[in-house]
Amino acid sequence: MSLFHVIGFGWNLVLTLCYWFVSLVFSMNGEVMTTKSLLGDGEQIMMKLLEVIAECTFARYTERTAFERPLTSGVAYAVRVLHSERKEFEKQHGWSIKRMDTLEQTPVHKDNEYDRDGLEPSPVQVEYAPVIFAQDTIAHVISVDMLSGKEDRENVLRARESGKGVLTAPFKLLKTNRLGVIKTFAVYKTDLPSNATPNERIQATDGYLGGVLDIESLVEKLLQQLASKQTILVNVYDTTNISHPISMYVSNVSSDGVERVSSLNFGDPFRRHEMRCRFKQKPPWPWLAITTSTGILIIALLIGQIFHATINRIAKVERDYDEMMMLKKRAEDADVAKSQFLATVSHEIRTPMNGVLGMLHMLMDTNLDVTQQDYVSTAQASGKALVSLINEVLDQAKIESGKLELEAVCFDVRATLDEVLSLFSGKSQEKGVELAVYISDKVPNVLIGDPGRFRQIITNLVGNSIKFTEKGHIFVTVHLVEEVIESDEEIKIESLLKSTLSGLPVADKRQSWRSFVCFNQEGSTSFPSSSLDQINLMVSVEDTGVGIPLDAQSRIFTPFMQVGPSIARIHGGTGIGLSISKCLVQLMKGEIGFVSLPKIGSTFTFTAIFTNVCNNWNEKKSQQISNQSNSVSLDFHGMRALIVDPRTVRARVAQYYMKRLGVHTEVVSDLNHGLSYLRTDNGITNMILIEQEVWDTDLGKSSPFVKNLRKINASVSPKLFILANSINSSGAGVSANGFPTPFVIMKPLRASMLAASLQRAMGVGNKGNSTNGELSGLSLSKLLQGRKILIVDDNNVNLRVAAAALKKYGADVVCTDSGKKALTFLQPPHQFDACFMDIQMPEMDGFEATKRIREMESNINSCIQFGQLGPEAYGNVSSWKVPILAMTADVIQATNEECQKCGMDGYVSKPFEAEQLYQEVSRFFHIKPNQNT
Amino acid sequence: MLGLGVERLRADMNRLLALLFHQGVLDEQFLQLQQLQDESSPNFVSEVVNIYFQESEKLLRNLRSLLMDREFSDYKKMGVHLNQFIGSSSSIGAKRVRNVCVAFRVASEQNNRLGCLRALELLEHEYCYLKNKLHELFQIEQQRLLAAAVRYPVQQH
């Protein structure tokens, strides 16, 4: 911007200058023209008056009219005198014709030295041009022969030939010694035509009129008129001879700078003049340009500074960032260390707590009075609570330090959920809250995953629900995610929502999974469960409790965050459960979400990915596992049942359980419909399950119903069952009629419990069913019964203890005390089902021994495969691979990888823990098929 | 009279066990050991513990001789012995002995002779204490069994 300014300014300057000079030149020309016209006028006058006027008259006249010719310093008239006329002429005027050239050669400088009379008379010439009249200022030229001066002569000759005004080259004027030019006009005796020849003109010449132009004063006058003498230097040169310009006017102040040259025209085409102008002072500084460039420089500097500062800043920020990253890393390390510390400490606390609990248990066996008994039981309860709390903290710490790993074992989803139900059955019955599970038919019976953790999540959620629910229901539903995604299923769910389990309103559970990623991916093509192996389960736990306050909902999954201190005081708990659940769900590649409406209830929903049991081998295994849990189901196979329940959801739960037992079911909404159904469907229905609500409210109908029932089925009377929710109610009112009291089945329904109740009522089979608490112990003995197991340990004490522990579960134990001996024992063919191997042994440690055994086995296997050895010799077993479990005192020492690297199947900590042992053993032992018969 | 004796003996035994637990001499593994004892192996606990004593005394002797060798102590071998000691101690639930062994092992890994000597002394002390207490326990048990057998021949515990 400013640059343009400067350029514009420059142009302006140049244009102004140009204008200036042009105007100057014009005005000068104008002046010259005036001079000419004036002289022209004079010519006319001269012609008429020549004879009559005298010298003094001319002088006076010119003096008076001098103001009209400001630029001429003097005017003179010379006549043409031929040599023949000279004498007469000299006589007439009284003086002789003087010559001029000597004067020119010896110029005089002082006025008083000049003496006209001292001039030499002109030598003899063809003709002369003596001045006869002159203005007073140049009166000294009178009688001087103009033709004798070199410049003048030339001038005069040219003037009379051309008939025009002619200028001399500048020369020193006589007397004044100043530089000047003389303009000469010829005066003719007669009027000549314009095309007259030079000769004619010469003949006609009478005299010459000359005007002295003093260039110096001329220019000064002009400049004064222009009032700019101070600022501009003007040099005027005669450039007729280009190589030697004659200076006509010189300013005495020397100055350098750009010259402006313009030509001058004084009206004589023969002569060329030039004017060179320049500023007296140096051109003014271009302040704008300077300021602009300075500004630009400053701006550039500032920008540079800004860049510099920015770069510095960036560097600093980067340094800070690095520092932050370092700090963050340190903080994370510290966090991991904290978690590890927590894990260690919790573990350390657990050990003495086990001692405390053990001793308390022993104390309870001793002779105590009632008060002591009470104290001890309180102490034990507190101890158990503490242990469970420590376990939770340990879980949290494990999760945080990334040590928690999920197992992958086969488990029965339905049995797992039944276990959860039995855990809470006491509490729910106490509170009168209905607790139920419904698992969709599409969910496979057996999945591979971590049943313990899965159960932990559900236990957590149900536990919370039970804590905060005083009336109504808690309903756990398990579906496949695809099932829920399908729109018709959603509609179905919605319609079902209108009649909930207990009839109380619930929060819309679809809200709870709204934020799930798998639902936001539109279209099931991208859905991960498209692969056959993956089973994506979705579990919802719905309750009709107090709900979560809206302001607390955001931090519900933060560890140790509870809704409020008062809640913690009323209900207890650490507030760590949900956080752990969330972590576990994430470990199972699932998501967890919830919806909660205060005073209506909450619904928690989570998804988890499990693996399906796909191949045949697993099929068999899964069969076994499901058989194990529902060994009774065969007893009721093919029976038919009628469920009387107005609420579809509740009826569906009952139906689901009956179906698991293999019973076909029909649902009717009330007793009348039930009767009509029974009439049409004669004699096939084995049992009738009536909701307690129906039975209690329709007391008037129930006794006629029983009577009618008798009438219809005289032969095979269907058994009556009442599904009761709380302990205090029973069918006492009916027993008065003399009919057998209907059997009461307490909710929550569980497959095993239901089966047991039905068995008792119907007298089908009679097997003792195990309580869930002894599950692992009993299952262990089931698993290990009759197995032949080799124990390898160099430590006699350990050997004895391990052997005794395994014997207790019914295993057939063989002991050996070194790895080498173990090799001979395990040389195929052998009868061992498994081997427990100590890791640290002298000579050959557990890893080494295992490696050798695996080598040995693979050798023999390949031999059998290639037919080099008959399989008969090896007990018809085509591939030998005995399960080997590492035994170690330090669990840390034997990591999974190490064990797997050398071919071990797993590890157990050395003082055997029943549960761990069960988990490990169950991976490769299956319950023998003859177990159930 | 004798019946009261049984109760008193049982109480004595429990008190002693509680003391040992309290002192950290034993841990819950010992209880599990007791649970393993049944009709098929009535003296299981004392058998195992006796084996433990024999082994341990052998180990202690070895450790002492290894350490007494002034010029060159074989720390590696010491570690092997200690590992064995740790294993057997944790099997019977001798917690304090085990802990001392762990400390001993650390000292031996660092070739810290002085630490090893100190640990060995402590170990011997702990071991003697454990041995005395367990002997006491077995004596009471023996007496209790005798008394019980006299009073209630049918009952085993």
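Student: In what kind of pairing do the side chains of A:Arg852 and A:Glu848 meet, and what is the N to O distance?

Tutor: Side chains of opposite charge can pair when their charged atoms come close. The side chains of A:Arg852 and A:Glu848 meet in a salt bridge at 3.3 Å, N to O, the term being kept for a side-chain nitrogen of Lys or Arg within 4 Å of a carboxyl oxygen of Asp or Glu. Please bear in mind that this is a predicted model, in which local features need pLDDT of at least 70 and side-chain atom pairs count only at pLDDT 80 or more, while totals for chains, interfaces and linings use all residues. Residues are numbered from 1 along each chain as its sequence is written, chains are lettered from A and ligands numbered from 1 in the order in which they are written, and side-chain values use heavy atoms, with hydrogens and water left out.

Student: Where do A:Arg852 and A:Glu848 lie, and how far apart are they in residues?

Tutor: Both belong to helix H27 (residues 846-865) of chain A, four residues apart, which is about one turn of the helix; helices (H or I, at least four residues) and strands (E, at least two) are DSSP runs, numbered from the N terminus. A:Arg852 is partly exposed, with a relative accessible area of 38%, and A:Glu848 is partly exposed too, at 31%, where buried means under 20% relative accessible area, exposed over 50% and partly exposed in between (1.4 Å probe, protein chains only).

Student: With which residue does B:Glu141 form a salt bridge, and do B:Glu141 and B:Arg144 count as buried or exposed?

Tutor: The partner of B:Glu141 is B:Arg144, with the closest N and O atoms 3.6 Å apart, and the two lie three residues apart in helix H6 (residues 113-151) of chain B, again about one turn of the helix. B:Glu141 counts as buried at 14% relative accessibility, as does B:Arg144 at 7%.

Student: Which residues are joined into one network by salt bridges that share partners?

Tutor: That network joins A:Glu434, A:Asp645, A:Arg650 and A:Glu691. Within it, A:Asp645 and A:Arg650 form a salt bridge whose closest N and O atoms are 3.0 Å apart; A:Asp645 is buried at a relative accessible area of 3%, and A:Arg650 is buried at 4%. Over all chains, the structure holds 24 salt bridges.

Student: At what angle do helices H10 and H11 of chain A pack?

Tutor: Two packed helices are described by the angle between their axes and the distance between the axes. Helix H10 (residues 413-431) and helix H11 (residues 451-468), both of chain A, pack at about 20 degrees with their axes 10 Å apart, and H10(A) and H11(A) are therefore roughly parallel to each other. By class, their contact (heavy atoms within 4.5 Å) has 10 nonpolar, four polar and five charged residues.

Student: With which residues is A:Thr416 in contact, leaving aside its neighbours within four places in sequence?

Tutor: A:Thr416, which lies in helix H10 of chain A, is in contact with A:Phe411, A:Pro451, A:Phe454 and A:Arg455 once those neighbours are left aside. A:Thr416 is also buried, with a relative accessible area of 4%.

Student: Where is B:Leu63 found, and is it buried or exposed?

Tutor: B:Leu63 is found in helix H3 (residues 44-68) of chain B and is buried, with a relative accessible area of 0%. Leaving aside neighbours within four places in sequence, B:Leu63 has contacts that include B:Met78, B:Phe85 and B:Leu120.

Notes
Axes fitted to C-alpha atoms, helices over the stretch in contact; angles between N-to-C directions. Parallel < 35°, antiparallel > 145°, perpendicular 65-115°, else oblique. Nonpolar A, V, L, I, M, F, W, Y, C, P; charged D, E, K, R; others polar.
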